[in-house]
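Dear colleague,

Please find the structure below, handed over for your own work. My findings follow it, and I would be grateful if you read them alongside the coordinates.

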Amino acid sequence: MANAKVDWANLGFAYQPISKRYVANYKDGKWGSGVLTDDPTVRINECAGILQYCQEVFEGLKAYKTKDGRIVAFRPDMNAERMYDSAKRLEMPPVPKDMFLEAVDQVVAANKDWIPPFESGGALYLRPYLFASGPVIGVKPSDEYQFRLFGTPVGSYFKNGIKPITLCVSDFDRAAPHGTGHIKAGLNYAMSLHAYMTAHSNGFDENMFLDPATRTYVEETGGANFLFVTEEHKIVTPKSDSILPSITRRSLMHIAESLGYETEQRPVRLREVGDFAEAGLCGTAAVICPVGKVVDHGKEICLPSGMEKMGPVLTKLYETLRGIQLGTIEAPEGWIREIK
Ligand SMILES: *Cc1c(COP(=O)(O)O)cnc(C)c1O
């Protein structure tokens, strides 16, 4: 049943409150039971840990309608695991993985009429997050936390066709060496907003961040990992402790292997980017967004795949993962969670 109030064909990526969201509280050393609520408003103390010392971690995943009418989420167990790890790094009580999956199931099931139809190419974007709700003034972890999960319908990322983007090599860093770059925390985004706005005002789509210690290796953008393809069709992804382990990237590397491509995760120098045949960004939002050009302080590095379309190898990976998500290609064991 589709919601008559939504213009599915023209959905972008913007927050729109939907019927139900999941809320659970952590207090006195334990998690209370989670409930669904109609209320999109969070009420917390003025001195809550999230407001003072930024204790917050989050996730992002999508639920889809498949071609044959099922409702599925893509690898939510991986998000549960990653948020568990992120929480531990910020000294927060991790959300138990079964509670996380229960929240996904309940929110999707309670908002079925907010899931875009298969034909629209859209999805119900799910945003689980955990934050310090209890007051802290001396610097320490809070005693109280809240876990919430809401959804918002989003349109197809490539509504106007798949177009390669242009990146600029950033003079800012998104993560410190031995810092928090590898966890999904709002604080990493707060500090990358200035770099993002600067790149935009200079006419670029995104930043390419380099390794903060030596500024010679490629890390990632503000919210997506890199995949490169060599002339010999080997798939290469950068290796670094400050890169966020993208679930999309890990899934694509697995798919690449099962399609018979050679894969490699290794440090990638900025200097060698121009030697690759194709480049792309990967994340939940787009799956793969092709990169046509990288500008390093005025010096243009143009990928041979060009500015008109995604290269052939990344296209193959993209179509395979989309097919798995939408139920037209058989998924590896455990990748698809059906929600009734
Ligand atoms: C969320 C995120 C990604 C993409 O991860 P997916 O699990 O593929 O969505 C990449 N980089 C950063 C910094 C992120 O926060």
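Predicted model: local features only at pLDDT ≥ 70, side-chain atom pairs only at ≥ 80, totals over all residues.

Residues are numbered from 1 along each chain as its sequence is written, and side-chain values use heavy atoms, with hydrogens and water left out.

The protein is divided into domain 1 (8–154) and domain 2 (165–326), with bounds that come from an automatic or database domain assignment. Their centres, taken over C-alpha atoms, are 26 Å apart. The contact (heavy atoms within 4.5 Å) involves 25 residues of domain 1 and 23 residues of domain 2.

Together the two domains bury about 1,900 Å², of which 64% is on carbon and sulfur atoms; buried area is the accessible area (1.4 Å probe) that two parts lose on being put together, summed over both. F58, F74 and R82 supply 31% of the area that domain 1 buries against domain 2, more than any other three residues.

Across this interface there are zero salt bridges, a salt bridge being a side-chain nitrogen of Lys or Arg within 4 Å of a carboxyl oxygen of Asp or Glu. Ten residue pairs (both at pLDDT 80 or more) are in polar contact between the domains. A polar contact is a pair of N or O atoms within 3.5 Å; within protein, one must be able to donate a hydrogen and the other to accept it, and residues adjacent in sequence count only if both atoms are side-chain atoms.

On the side of domain 1 that touches domain 2, α2 (76–89) is among the elements that give two or more residues, and α2 contributes the largest share, six residues. Helices (H or I, at least four residues) and strands (E, at least two) are DSSP runs, numbered from the N terminus.

R82 also has a polar side-chain atom 2.9 Å from an oxygen atom of the ligand. For T248, a side-chain N or O atom is 2.6 Å from a ligand oxygen atom, and for T284 such a distance is 2.6 Å.

The whole structure holds 14 salt bridges. In one, E59 pairs with R82, with the closest N and O atoms 2.7 Å apart. E59 lies in the loop between β4 and β5 and R82 in helix α2, so the pair ties together parts 23 residues apart in sequence.

Kind regards
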